[in-house]
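Biologist: I would like to learn how to read a few features of a model. Can we take them one at a time?

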Amino acid sequence: MLTSVDTDLMRVLADPLRLRIVSLLAEETLCTTHLTEETGARQTNLSNHLKVLREAGVVETEPCGRFTYYRLRPDVIASLAGQLTELAETARATAENNVKRSCP
């Protein structure tokens, strides 16, 4: 079953810009300047979204001179994917076995 932490992570990833950031970071480690260029978002808006992703543990930072690079934490995404796979398998088994609660 999904826990409240998992649903919080799903809410974090449900935002279209944050999902775009995660998709970009899956391909390479990028700084805010790169992400601004790729997404077209304003730097302040992007920084707010990166803060949410960082606090959720989805990305980690790497300082490099005056820039901060962001890297995706694939273990966090893999964990959520595994839990969603388990949920899908449970739903499939329920459908195949026609499991339903009788009405009172």
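Biologist: Does Asn98 count as buried or exposed, and why?

Modeller: This is a predicted model. The general idea is a cut-off: exposed means over 50% relative accessible area. Asn98 has 53% relative accessibility, so Asn98 counts as exposed. Asn98 sits in the segment after H5. Its backbone deserves a look too: phi is positive, about 50°, although Asn98 is not a glycine.

Biologist: Which residues form the negative surface patch?

Modeller: Glu27, Glu28, Glu37 and Glu38 form that patch. Take Glu28, in the loop between helix H2 (16-27) and strand E1 (30-31). Its relative accessibility is 47%, so Glu28 counts as partly exposed.

Biologist: Which residues make up the nonpolar patch on the surface?

Modeller: Met10, Leu84 and Leu87 do, with about 220 Å² of accessible area together. Met10 belongs to helix H1. Met10 counts as partly exposed because its relative accessibility is 30%.

Biologist: Now the inside. How many residues does the largest nonpolar core have?

Modeller: In general, such a core is a set of buried nonpolar residues joined through side-chain atoms within 4.5 Å. Here the largest one has 20 residues. Those with the most contacts inside this core are Leu13, Ile21, Leu25, Leu35, Leu53, Val58 and Val59.

Biologist: Which elements each supply at least two residues of this core?

Modeller: Helix H1 (4-14), H2, helix H4 (43-55), strand E3 (67-72) and helix H5 (74-96) do. H2 gives the largest share, five residues.

Key:
Residues are numbered from 1 along each chain as its sequence is written. This is a predicted model: local features need pLDDT of at least 70, side-chain atom pairs count only at pLDDT 80 or more; totals for chains, interfaces and linings use all residues. Side-chain values use heavy atoms; hydrogens and water are left out. Patches are made of residues with over 30% relative accessible area and no salt bridge: like charges are joined within 9 Å, nonpolar side chains (Val, Leu, Ile, Met, Phe, Trp, Tyr) within 5 Å. Accessible areas come from the Shrake-Rupley method with a 1.4 Å probe; for residues, only the protein chains shown count as cover. A salt bridge is a side-chain nitrogen of Lys or Arg within 4 Å of a carboxyl oxygen of Asp or Glu. Lys and Arg count as positive and Asp and Glu as negative; His and the chain ends are not counted. The place of a charge is taken as NZ of Lys, CZ of Arg, CG of Asp or CD of Glu. Helices (H or I, at least four residues) and strands (E, at least two) are DSSP runs, numbered from the N terminus. Buried means under 20% relative accessible area, exposed over 50%, partly exposed in between (1.4 Å probe, protein chains only).
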